[in-house]
Amino acid sequence: MLGNFEYCNPTRLYFGKGALDNLQGELKKYGENILLVYGGGSIKKNGIYDKIIEILNAAGKNVFEVGGVMPNPTVEKLYEGCKAARDNKTDLILAVGGGSVCDYSKAVSVSAHCEADPWEKYYLKMEDVDNQIIPVGCVLTMVGTGSEMNGGAVITNHETKLKIGHVFGENVFPKFAVLNPEYTYTLPKYQMVAGIYDIMNHITEQYFSGTDDNTSDYLAEGLLKSLIHSSRIAVKDPENYEARSNIMWTATWALNTLIAKGKSTDWMVHMIGQAVGAYTDATHGMTLSAVSMAYYRYIMQYGMEKFRRFAINVWDVSPDGKTGEQIAAEGLDRMESYMKELGLAMHLRDIGVTEDMIDGIADATLSMSGGYKELSRDEIIQILRKSM
Ligand code: NZQ
Ligand code: ZN
């Protein structure tokens, strides 16, 4: 841990089968106007919506709703939420859903009272918040993004073909989050495995950077081990509570700022994945899985020692009689087999990318410098072509 850093995480978590019982107590801390935000309807089918409404009514709250938040929420939808939040003098935004609903709620929370255009201010100019922030609470129903305990809020602009994340500070983190692993049982398998890979990639994005002996790397390896173990159980037995609960907890710790401490962090799989998302609107985790193997096989030469360690400590590759490069390559081979076993998208063509999009996707990719090599546009194109 050679760097200097500050650590604070203000989100209160309630975890387990009885977690929702704590919502009533949390509601007492806020005023009477609640903006209930949810997605395309899964919470109405699985009964979570009715439970939440009952608790809100019992607490005597005025409930206003913004439903229909789409996966990869759009800038137009953001404007709609801002108006609803302002018109109803919102005291608390209650997000009930996955990363999209939680991200969207945070975006509304900083934008509703913002005089400038929020897309321009927060996403194009990356400015900080200097206006009133509406508090957000989350009830999580899909696991992967870590949005329940971080300041991330990703918004997509289809007109300009840009998908951009603003990572806000602690003042924007959800005030509380309710995490009941049973709420994830109704997720379709495609979404469940996409979320699992999102978790894995959050961890590797932070792990594959730096060369110092760093506690964050040991934490990352432990989280990866738990994720690999539990995900293999969950794909065969989706209602295995122990496995689903471990996946849920791992997701939170994979991206709540802890394992980034002391790390420069890479994030290039996410940068390419987000550009792919802007062009295809594909499921976030699948945009990452489709480009990961080409990216990591290319970048390995620049961070060989860490890839060797990854192979041994995470994928149990035996180092006996092998060169560092052979060990590292075997680790990535095992990771690829695992990804196939889960049923992830392994090619960009599987998620709607066509050859004519490649130049545009490369242009929409922000190249970052925290990993083992800062990519040029040509290198991004090569990785995209290999991923087709
Ligand atoms: O909209 P509904 O009907 O609720 O259906 C959703 C949606 O179609 C469904 N779903 C969620 N919970 C369910 C369920 N279906 C049945 N049963 C349940 N219990 O799942 C679909 C996907 O949901 P979504 O929220 O879009 O998925 P995810 O949690 O992966 O969120 C993706 C968004 O988060 C951003 C992504 O870019 C994307 O926009 N990210 C946010 C991050 C952050 N805050 O730090 C980091 C990530 O890297 C990521 O970029
Ligand atoms: Zn992600």
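Helix H4 (residues 75-87) packs against H5 at an angle of about 55°, and their axes lie 9 Å apart; axes here are lines fitted to C-alpha atoms, for helices over the stretch in contact, with angles running from 0 to 180 degrees between N-to-C directions. That angle makes H4 oblique to H5, given that angles under 35 degrees count as roughly parallel, over 145 as roughly antiparallel, 65 to 115 as roughly perpendicular and the rest as oblique. The crossing of H4 and H5 is right-handed, a crossing being right-handed if the near helix is turned clockwise from the far one by less than a right angle, and left-handed if anticlockwise. Helices (H or I, at least four residues) and strands (E, at least two) are DSSP runs, numbered from the N terminus.

This is a predicted model, in which local features need pLDDT of at least 70 and side-chain atom pairs count only at pLDDT 80 or more, whereas totals for chains, interfaces and linings use all residues. Residues are numbered from 1 along each chain as its sequence is written, chains are lettered from A and ligands numbered from 1 in the order in which they are written, and side-chain values use heavy atoms, with hydrogens and water left out.

Two further helix pairs can be followed in turn. The axes of helix H10 (residues 268-280) and helix H11 (residues 284-299) come within 8 Å and cross at roughly 130°, which makes H10 oblique to H11; H10 passes H11 in a right-handed crossing. Helix H8 (residues 215-236) and helix H13 (residues 324-342) have axes 10 Å apart and pack at an angle of about 25°, so H8 and H13 are roughly parallel to each other, and their crossing is left-handed.

We turn now to the ligand. Ligand 1 is surrounded by 30 residues, the closest being Gly 40, Ser 42, Gly 99, Ser 100 and Asp 103, where a residue belongs to the surroundings if one of its heavy atoms lies within 4 Å. Among the polar contacts (pairs of N or O atoms within 3.5 Å), a polar side-chain atom of His 270 lies 2.9 Å from an oxygen atom of ligand 1, while a backbone N or O atom of Gly 152 is 3.4 Å from a nitrogen atom of ligand 1. Two or more residues of the shell around ligand 1 come from each of helix H5 (99-111), strand E6 (152-157) and helix H7 (189-207).

How values were computed. A polar contact is a pair of N or O atoms within 3.5 Å; within protein, one must be able to donate a hydrogen and the other to accept it, and residues adjacent in sequence count only if both atoms are side-chain atoms.
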